[in-house]
Each structure stands twice: as structure tokens, then as C-alpha cells.
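Hi there,

Here is the structure I promised to pass on. Have a look, and my notes follow below.

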Amino acid sequence: MPLARIYLPLTSADLADLAEGRPVGPAPLAAHAVTPLLGRTGLVVDEEELEHAAWLAATREASGLTQGGAVRRVIAAADVDVALVLHPTEPDVPSRVHVAAPLERRRIVSFHIDEEAGDTGPAGLPGSAGPDLAGGRDP
């Protein structure tokens, strides 16, 4: 079965369900993925750049799911059967998809979690505006 990578913003209740061994649901689940529409919005044709754009859309959506800014954004990246990924005819964002079944924990390949609530700043990598943790100098 061919698989599609989806990016699903998670709530605290979703995380509790996963921790207890229950799937995230009910279906349909609003998620993000590389879609034909996403590839048409600009000149981006690299698959990794399109996946990054879908992930960024999921992070923006996750910002609306946090409660009072105290909860970190959590995105689950999951591989699901392509037959379960539905493309709306008029999506609110180019990467929007709906997953037609609850998401089981075994389908999740990674979690993406803010280091601090809502943090989108530099991670202190060389060349960033943050502290240089590598001991080198910024170019």
C-alpha cells in the first residue's frame, strides 16, 4: 500500500489518547500534506521544500490549539495509506487534507514539539542571531 506523509497538529486530549494507546480521532482528521495545490502556489518543486511548507502550515494551525499560550505546539508526522487522505475541493490552505480514519500511534513516525511555548526563533545555530553553540564565529 502506498503511503502519504501527513502533518497533524495535536491537542492535549490527542496526546492523552496516544499515551493511553487510543488512536487520535474521530475521523475525518484535519491535517496537512504535500498536495498538488501546494506545488502550484509558487515555484517550489523540491519535495523536501513542499513537505516543509506543509509542516509549517500544521505549526500555524497548532498555534490556535494551544490554551492561553502555555502549551507547546505538537505536530505528529505520520505515514498513512494514500486511500485515506482526502483532498477537499476548496481547501482553506493549499496543504489541507482530511484523513478518513482515526490515526493510530503505530503510524506516527515523529513528533515535532516547541522547545518553549510558541518559540519560532533561532536555535543558536552557527549563522543565526542566537548564541553560537558550536564555538565558531558567525560569517
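Which residues make a nonpolar surface patch of about 270 Å²? Leu15, Phe111 and Ile113 do. Patches take residues with over 30% relative accessible area and no salt bridge, with nonpolar side chains (Val, Leu, Ile, Met, Phe, Trp, Tyr) joined within 5 Å. Ile113 is in strand S6 (residues 108–113); strands are DSSP runs of E, at least two residues, and helices runs of H or I, at least four, numbered from the N terminus.

A word on provenance: this is a predicted model, where local features need pLDDT of at least 70 and side-chain atom pairs pLDDT 80 or more, while totals for chains, interfaces and linings use all residues. Residues are numbered from 1 along each chain as its sequence is written, and side-chain values use heavy atoms, leaving out hydrogens and water.

Leucine 10 lies in strand S1 (residues 3–10) and counts as buried because its relative accessibility is 5% (buried means under 20% relative accessible area, with a 1.4 Å probe and protein chains only).

Next, arginine 73, in the loop between H3 and strand S3 (74–81). Arginine 73 is buried too, at 11% relative accessibility. Its side chain makes polar contacts with the side chains of serine 63 (3.2 Å) and aspartate 114 (2.7 Å); such a contact is a pair of N or O atoms within 3.5 Å, one able to donate a hydrogen and the other to accept it.

Best wishes

Terms used. Patches are made of residues with over 30% relative accessible area and no salt bridge: like charges are joined within 9 Å, nonpolar side chains (Val, Leu, Ile, Met, Phe, Trp, Tyr) within 5 Å. Accessible areas come from the Shrake-Rupley method with a 1.4 Å probe; for residues, only the protein chains shown count as cover. A salt bridge is a side-chain nitrogen of Lys or Arg within 4 Å of a carboxyl oxygen of Asp or Glu. Buried means under 20% relative accessible area, exposed over 50%, partly exposed in between (1.4 Å probe, protein chains only).
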